[in-house]
Amino acid sequence: MGSFRCLSVLVISAAVLLFNSPVAQCGCYKRIFSFGDSIIDNGNFVFAIGKGQSALKEPPFGMTFFHHPTGRVSDGRVLIDFYAQALQLPLIPPSLPEKNTGQFPTGANFAVFASTALPGSYFKPYNFSLPTGWNLGGQIDWFKQVLQRIAPSDGDKTKILGESLIVLGEIGGNEYNFWFGARRPREQAYKFIPDVVACIGGFAQELIDMGAKTIMVPNNFPIGCVPAYLNGFGGPEEPRDEHQCLRWFNDFSSRHNDALRGEVNRLKAKNPGVKLIYADYFGAAMEFVKTPAKFGISDPLVACCGSNNKYHTNYGCNRTTKLWGNPTNFASWDGMHMTEKAYQVISDGVLNVNGPFADPPLLKSC
């Protein structure tokens, strides 16, 4: 869809595409529809809980870019915001506040904090309950309801989906987070990987069958480098890599990611007319773990907003929690989620500014 002129401008301006400009140099898609969890939730969870209390409704969340809380689990923008700006679109709105009325001319974000790929019923044989009921299937159902309302005819649905970018994740990490956080046996989590991946692949195929022509499927992050994991599992006997990340947990993420890449390749072979983009969030995040100074990050393994322990974790982030410095010098925001700076680095890699960490790079897929 992009022209030669558009691609030429991208090459010339790649170094400043996101850091120095709020909009990109060419627009490839008319809409973005995104699904996922707290990594890209931009207000759905806060809307869903209504008047319920949440630290996400208070400073210092949102301090860097918006200068007020927005429902994002970060100090500023998250990945979906950078993608929208790079594709010359307005920031994509959360879907739930206008689920029954919005026309969403530039797309909508269906991601919700604490969502999983698999439904909670999956874990009943393991005598394990998920802390929330939000999952990818529910988000897809919301999307179908919105699509039926804004595009009643099959032709309208096909047109809208054909000119949209679908961002399917990151999703599927919380199954593991909840399991490990409950101190359930690590090795048992390997059994979940094929089912998590099949779930993601199944919904990708469903979207393709509905008419989607471009779908980006991101992989999972290096959880062994996440401060909350380092604090919770980083005992003296726990093996670490050369970056002081927990080797077992990063290897686990890699195993999930290998399976997911295989699923994306299978979908590519089955759907030759569809652009399926595998986004390597793991590899992109490891860039600021390996060479933090390159990005102005002092220590990628400690949180910006948190407690007094080694990794600044334990108590979460709220209006009374200590800020350990400027968020632009940190990769982790609250010990589990990232700063705007970290998301910017990752999005650059996916967009092929500092990458390549997407196959094919997002902008080159236009």
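Select C225 and C245: they form a disulfide, with their sulfur atoms 2.1 Å apart. A disulfide here is a pair of cysteine sulfur atoms within 2.5 Å. The model is a predicted one, in which local features need pLDDT of at least 70 and side-chain atom pairs count only at pLDDT 80 or more, while totals for chains, interfaces and linings use all residues. Residues are numbered from 1 along each chain as its sequence is written, and side-chain values use heavy atoms, with hydrogens and water left out.

Stay on the C225 and C245 pair and look along the S-S bond: the torsion is about 110°, so this disulfide is right-handed. C225 sits in the loop between β4 (214-218) and α8 (227-233), and C245 in the loop between α8 and α9 (247-270), so the pair ties together parts that are 20 residues apart in sequence. Helices (H or I, at least four residues) and strands (E, at least two) are DSSP runs, numbered from the N terminus.

Now show the surface. C225 has 7% relative accessibility and counts as buried; C245, at 0%, is buried too. Buried means under 20% relative accessible area (1.4 Å probe, protein chains only), exposed over 50%, and partly exposed in between.

Next, select C305 and C317, which a disulfide joins at an S to S distance of 2.0 Å. The torsion about their S-S bond is about 90°, so this disulfide is right-handed. C305 lies in strand β6 (residues 305-306) and C317 in the loop between β6 and β7 (322-323), so parts 12 residues apart in sequence are tied together. C305 and C317 are both buried.

Last, select C304. C304 is in no disulfide, and the nearest cysteine sulfur, that of C305, is 6.6 Å away.
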